[in-house]
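Subject: Structure handover

Hello,

The structure we discussed is below, with notes on what was found in it. Please read the notes with the coordinates open.

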Amino acid sequence: MKIKGFQKLSLIDYPGKLVCSLFVVECNFKCGFCHNPELVLNNDKNYYPEKKILDFLEKRKNHLEGVCISGGEPLLNLNKDFLKKIKELGYLIKIDTNAMFPEKIKELIDEKLVDYLAIDIKSNKKNYEKITNSKVDFDKLEKSIKLASLLDDYEFRTTIIKGIHTKEELKEIAIWLNKIIGKKPKKFCLQGFKNTGNLLDKSFEDIKDTSKDFLIELKDLIKDYFEEVVVRV
Ligand code: SF4
């Protein structure tokens, strides 16, 4: 896989687990608020060798519990053999995805190569193409959402930007997800937008961080639609 970033220890990327995190390059979306433009644009083609990561994981077997694969979009350049080797070492695998590759998600679930899926829900259906600057196949997105709900551990999450995401929109997202999977989804995360000053679309660089208060207001509004709603700032 095209691994550009390697964080040897993370306490936050896999809920309740001590993990390392891998960040892969390239993405099929071009979200203006993306805070990993260097991964999406991928101008520098030097990658971590998979062997180096596997050697590290071999040595850390008794300390780390899992591997979080994020990006960019991990399912674009997926190498299942690499994932198989991670599983052979006894690790849990979490994948953060924008959910546009349901056929790959199905393979990963069928072959038990993923333990936790975190699916980004960028907005309601009406605004999806605008916010991702991309053509969106909703059939694929909805298939992925349904597949994720077959796992014991999964979450849907939206990065909230005040002024772009409204309360009405969040309610629409909650109702949409319930309709797709036919029951209350297990977990929804409201992630506050953080302006790092290094965003894919420079016009987003004037936007303020999302306040915790606004996220809590949204949580109150949608909490009955999910088993659990989490606020991340
Ligand atoms: S925020 Fe958007 S552009 Fe950035 S990695 Fe995620 S899906 Fe891709």
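Which residue in β7 is the bridge partner of isoleucine 160? The partner is glycine 192. The chain gets from β6 to β7 through helix α7 (residues 167-181), in a right-handed β-α-β crossover (right-handed: with the strands pointing away from the viewer, the path from the first strand over the helix to the second runs clockwise).

Two points on conventions. This is a predicted model, in which local features need pLDDT of at least 70 and side-chain atom pairs count only at pLDDT 80 or more, while totals for chains, interfaces and linings use all residues. Residues are numbered from 1 along each chain as its sequence is written. Helices (H or I, at least four residues) and strands (E, at least two) are DSSP runs, numbered from the N terminus.

The sheet

Eight strands make an open sheet with mixed pairing, in the order β1-β2-β3-β4-β5-β6-β7-β8; two strands pair if DSSP finds at least two bridges between them. At the edges are β1 (3-10) and β8 (228-232), each pairing on one side only. β1 and β2 are antiparallel, with five bridges, and phenylalanine 6 has leucine 22 in β2 as its bridge partner.

Strand β3

β3 (residues 66-70) is largely enclosed by the rest of the structure, because five of its five residues are buried (20 or more other C-beta atoms within 10 Å of the residue's own, C-beta atoms being placed from the backbone). In a regular strand, side chains alternate between the two faces of the sheet. Here Gly66, Cys68 and Ser70 point one way, and Val67 and Ile69 the other. β3 pairs in parallel with β2 (residues 19-24) over five bridges, where serine 21 is partnered by cysteine 68. Four bridges join β3 to β4 (residues 92-97), also in parallel, and valine 67 is partnered by isoleucine 93. Helix α3 (residues 80-88) carries the chain from β3 to β4, again in a right-handed crossover.

Strand β6

Six of the eight residues of β6 (residues 153-160) are buried, so this strand is largely enclosed by the rest of the structure. β6 runs parallel to β5 (residues 116-120), with five bridges, and alanine 118 stands opposite glutamate 155. Five bridges also link β6 to β7 (residues 187-192), in parallel.

Regards

Key:
A residue is buried if 20 or more other C-beta atoms lie within 10 Å of its own, exposed if 12 or fewer, and partly exposed in between; C-beta atoms are placed from the backbone.
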